Structure formats: C-alpha cells, structure tokens
Amino acid sequence: MDSIRRFALPDASGRFNLVWAFIERQTNLWKRYWAWELVWLAYGVVNTLAITFIAEQVGVVGIAGAEEVSQLVLFLLIGTLVWAYLSAVLDDVSLVITWERWEGTIEHTLMAPVARSLHLIGMALFGIIHAIVRTLLIFAIVIPFFALDLGQADFLAAAVVVGLGSLSIVGIAILGGVLPLLYPERGTQMTFMMQAAILLVSGVYYSVDVLPGWLRVFSVASPATYIIDGIRAALIDGEGVLDLQSTLWTLVAFGVVLVPASIAVFSVAERWAKKTGKLKRQG
Amino acid sequence: MQPLPLEVNKVSKSFGGGFSAGRLLPWAAAGAAPAPPRAVDAVSFHVDRGEIYGIIGANGSGKSTLVRIVSTLLLPDEGDVRIFGLDAVREPGRVRHFINRVSADPAFFKNMSTNENLLFFGRIYGMNRRQIAEAAPRILGRLSFEYEKAGEPMSHLSRGQQQKVALGRSFLTSPALMLLDEPTTGLDPRSKRDVQQFIRDIRGEHDATILLTTHDMEEAEILCDRIAFLSRGRVVAEGTPLALRQLVAGERPLDTISMETVFMELTGESIAEDEMPAEAGASG
C-alpha cells in the first residue's frame with residue numbers, strides 16, 4: 001500500500017521538501033499579491049523618510065549642530081529600517097493561521113502529515129527572506145535623500161546581530177501566531193497590539209532611557225531592544241562582533257529559549273483548538 | 001489479521017460548555033450550566049478495506065463533525081477512532097499519512113493557480129515536484145478538467161472545475177482512506193456525473209477505501225456499499241442499500257421504495273427539506 005510505504009519519518013531531504021513547500025507557497029502568494037507588496041514598500045519608504053527627516057528639522061531649527069544631526073539621521077534611519085525588518089518578520093510568521101483562515105485552507109493544511117515545527121520553520125524562513133528583500137529595497141530607495149556617513153560602520157557585526165536577533169523575533173512571532181489559533185475572531189487584532197507594544201518599549205525611534213521606569217522593565221524583556229541597540233552600535237559607533245559579545249549572547253539566549261518554547265506553546269494551543277472546534281475555515 | 005481502514009467506537013462530541021469566567025460573576029445565574037447538546041452521540045461503525053461507506057444525514061446531523069474527527073482536526077469528548085489500527089487522537093501525525101479529504105467547499109489559495117496549489121498540497125504530503133508534475137495532469141484529465149486552465153488563478157475557475165481540482169488534489173497523494181464530505185454538493189449535473197464516475201473508477205483501480213457523506217440519496221445508492229443514517233448525532237440505521245429497503249418494506253415491493261422513503265421512515269426527517277448551500281455544509 002502506497003501510504004504504508006511513505007509512512008517512515010522523512011529524512012533530511014524530505015524535511016527540506018516540507019519546509020520548502022511553505023517557502024514556495026508564500027513566494028507564489030507574494031507574486032499573486034504583488035500590488036499589496038508595492039503598497040507596503042511605498043508605505044515603508046514614506047515612513048522611513050518621514051521619520052528620518054525629523055532629524056534634518058532638528059538641524060534646521062538650530063537645536064543641534066551638523067555632526068549631531070548627522071548622527072541623529074543615522075539613529076532614526078537605522079531605527080525605521082530595523083523596525084521595517086522586524087515588523088515584516090512578525091507579520092509573516094504571526095499570520096501563519098490567519099493566512100489559512102483568509103484563504104479557507106486551514107483544515108487542508110493542518111491535516112497534512114507535516115510536523116508543525118517544520119511548518120513554522122518554513123513560514124519563518126520565508127518571513128526572514130521577505131523582510132530582508134523589502135528592507136534592502138527601502139534602504140536603496142531612501143539613500144539618495146540623506147548624506148549618510150557610514151565610514152566607520154561594521155556591516156558584518158550588524159549582519160550577525162540581525163541573524164541572531166531574527167531567531168528571537170521568530171519565537172515572539174510564533175507566540176503571536178498562537179492568538180489567532182485561540183481567538184479566531186479577535187486573535188489577529190491581538191497580534192497587531194503585541195507588535196505595537198514591542199515598538200513602544202524597544203527604543204526604535206528613541207533610546208529606551210527616555211521611557212518611564214515601569215516601561216523600561218519591558219524594554220529589558222524585549223529582544224528587539226538588543227537588536228536595535230546592537231545594530232546602532234555596529235553602524236554608528238563601528239563596534240565589531242567582539243565588542244558586541246554581550247548583546248550577541250543575550251540574543252542567543254533569547255533565541256534558544258523562545259524558539260522551542262513558542263513551538264511547544266503553539267502545539268498545545270493547536271490541541272486546545274482541536275478540542276474546542278476552532279480549526280475551522282470561518283471563525 | 002490486517003487492521004481495518006477505519007473503526008469508530010462510541011464517539012461523542014459536543015460544543016460549548018466548559019469553563020466560562022462569566023459564571024463566576026456574583027450576578028450570574030446560580031447552578032450548573034446545562035450540558036451542551038451532542039453534535040455526535042455515541043457513534044460506532046467500521047469501514048472495510050476497499051469499501052465505499054456512506055453517511056447520510058440532514059443538515060446539523062453531525063456528518064461533518066464526524067469527518068473532522070476522523071480527519072484529526074477535532075478531538076472527540078469520548079470514544080476512539082482508529083485508522084489502520086492507529087489511534088487518531090494519540091497518533092495524529094502517523095494517521096495523517098493514510099488519509100486525505102474533499103469537502104463541500106473546494107478550499108484553495110484562490111489567487112494561486114491550480115498547478116501552484118497542487119504543488120503545495122502535494123509537497124506537504126511528501127511528494128516532490130517531479131512526482132506532482134507527472135501525476136497531476138493524469139488525474140485531472142480523468143476528471144475532465146480543462147488542463148489548459150491549470151496556470152490560471154483558481155478564482156477564475158467555475159465551481160465545478162474547482163471541485164474537480166479538489167478531488168484531484170486528494171487523490172494525488174494516493175490516500176488509503178479517502179474522506180469525501182459532500183463532494184458533489186452544488187455541482188452542475190455534468191460535473192456531478194464526472195466526479196461520481198471518478199470515485200467509482202478510483203475505488204476499483206486503487207483499492208481505496210472511501211468514507212462518503214452526502215445529502216444525495218441517489219448518489220449514496222449508486223456509490224456506496226453500505227450506508228449509515230445519521231440523525232441528531234446518532235446512527236439510527238446501517239446496512240447495504242438493499243438491506244435498508246428491506247428493513248422498512250413490509251409488504252410493499254422493494255422497487256417501489258426509494259432511499260428517500262427509507263430515510264424518512266427510519267429517521268422521521270426529510271433530507272429534501274434540509275438541503276442547504278455548500279458553504280454551510282462543512283460545518284454541519
């Protein structure tokens with residue numbers, strides 16, 4: 001019987017095929033929804049310009065000198081670009097269930113013999129690739145608008161921060177994806193609120209030092225704080241991988257805890273959804 | 001002895017009930033909340049290898065709930081489901097290798113093409129691109145699907161064409177147990193005939209075992225080896241179409257008794273009054 005022959009657990013290439021299924025599907029969807037991608041790209045460019053021009057305004061009104069303005073431009077530009085990246089990863093991964101509900105395919109996808117961990121890894125890899133492409137495009141488009149001084153930037157260190165930081169963001173995004181599983185009607189709104197909270201406490205457009213003390217507690221618990229700080233240190237202050245050891249180890253610790261924990265939480269939530277009948281097309 | 005493709009033993013399922021924080025409020029009504037009605041109530045049956053087993057019931061009788069339990073998408077409150085001897089609740093990952101499903105609503109990524117959809121759904125069952133590219137045109141061709149449309153977004157296809165792709169998607173993975181949940185609901189007569197013919201052919205050629213839920217008495221009679229009537233979540237009768245007729249015939253000649261009559265006499269309900277749109281079918 002065919003099914004019995006295919007019953008053995010997939011080997012490495014079989015697991016890759018399963019992960020690739022989700023990357024390929026999301027790429028096909030991305031191509032079909034290209035107009036929306038253009039909208040988000042345009043929004044990202046406008047958002048980046050609008051926020052970074054605030055630094056130029058600071059120079060125009062004479063609050064700061066030319067060198068400080070130049071630093072502030074870089075500070076805000078890095079903040080907006082990193083947030084463009086992080087929010088794209090958070091969107092792509094946390095909407096893992098929402099996508100299926102929108103399309104009406106949730107039952108067919110979730111009853112397939114693919115481990116949920118491989119499903120989520122596929123969605124996360126697509127999310128990271130997608131976010132990198134979109135963020136680089138935004139960066140390329142906004143460069144001519146500013147006189148950037150990246151003379152002492154350490155791009156390798158920044159890339160290492162992004163790589164290690166992505167693990168923890170994927171973990172948070174998977175936890176966000178649990179909400180639409182548990183709350184079909186309001187779960188997606190909850191994930192956007194979660195994103196908004198991360199934006200507020202992680203020092204995207206300002207140093208977390210300006211936050212009230214009680215909010216700073218959340219800053220410490222947000223991996224995005226360390227990602228943004230690390231990238232700023234690498235690109236503005238020229239700190240290398242060795243200088244950033246403490247930040248990198250913190251991000252590794254977040255990733256090592258968050259990724260398996262979030263997959264485990266997702267599995268528990270899926271079982272609960274199966275018990276309560278929430279794995280259905282419509283809410 | 002080889003394990004049966006499907007064994008359903010005293011399975012019950014109800015929705016609602018459970019914990020509600022509202023009941024803790026001081027002004028909430030005192031006393032225990034009423035037990036929610038059972039969508040499926042102590043249902044037992046088995047399906048033999050190579051058999052087409054039909055479940056007929058009115059809207060809300062529990063057919064789709066039962067199919068979702070067998071599909072590992074819903075956990076029963078009581079009872080157990082075994083697929084080729086494996087417990088569907090404890091070992092869903094293993095069970096899923098044996099099953100696939102067609103529902104009344106052909107659920108697809110509507111903006112992706114037929115080929116892109118089949119590529120994805122084939123891959124998540126462990127097939128590679130080459131295997132899918134070889135099998136898809138052959139299976140869809142047998143369903144009289146116009147294959148030149150396979151590159152167009154699914155949303156451009158008619159309801160009948162989409163349902164043929166849904167059937168093709170399921171058989172693409174060569175499931176040993178196929179769950180067909182009202183596969184011909186809402187189809188035009190020609191598409192319906194194509195789908196029914198395909199089901200008959202595939203059973204004969206591939207030794208597939210099929211669990212079919214339907215509203216259509218004629219369809220049940222021509223396709224199914226055995227039929228169970230489901231009413232308010234309970235199996236009220238089970239047997240071959242002939243045996244079910246004999247059950248209610250009394251002195252009347254068998255050829256004067258339609259399956260609709262048998263259903264009405266055994267359940268006290270009429271299927272015709274409960275015909276429903278395709279969209280509602282999958283939740284019934």
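Two strands are taken to pair if DSSP finds at least two bridges between them, and on this basis strand 9 and strand 10 of chain B in the predicted model form a hairpin with two residues between them. Within the turn, Arg232(B) has a positive phi of about 50 degrees.

The contact between the chains takes 34 residues from chain A and 32 residues from chain B. On the side of chain A that touches chain B, two or more residues are given by each of helix 1 (2-5), helix 2 (12-32), helix 6 (106-110) and helix 12 (245-276) of chain A, and helix 2 of chain A gives the most, with nine residues. By residue class, this side of chain A divides into 14 nonpolar, nine polar and 11 charged residues.

For the complex, the predictor gives an ipTM of 0.90 and a pTM of 0.90. Chain B has a mean pLDDT of 87, with 89% of its residues reaching 70 or more; within this chain, confidence is highest in helix 3 (residues 114-123), at a mean of 97, and lowest in helix 10 (residues 278-281), at a mean of 36. Over residues 275-284 of chain B the pLDDT is below 50, although this stretch has 26 contacts in the model beyond near neighbours in sequence. Where pLDDT is low, the predicted coordinates should not be read in detail.

Methods. Residues numbered from 1 in each chain as written. Chains lettered and ligands numbered in written order. Predicted model: local features only at pLDDT ≥ 70, side-chain atom pairs only at ≥ 80, totals over all residues. Contact = placed C-beta atoms within 7 Å. Helix = DSSP H or I, 4+ residues; strand = E, 2+ residues; numbered from the N terminus. Nonpolar A, V, L, I, M, F, W, Y, C, P; charged D, E, K, R; others polar. pLDDT = per-residue confidence, 0-100.
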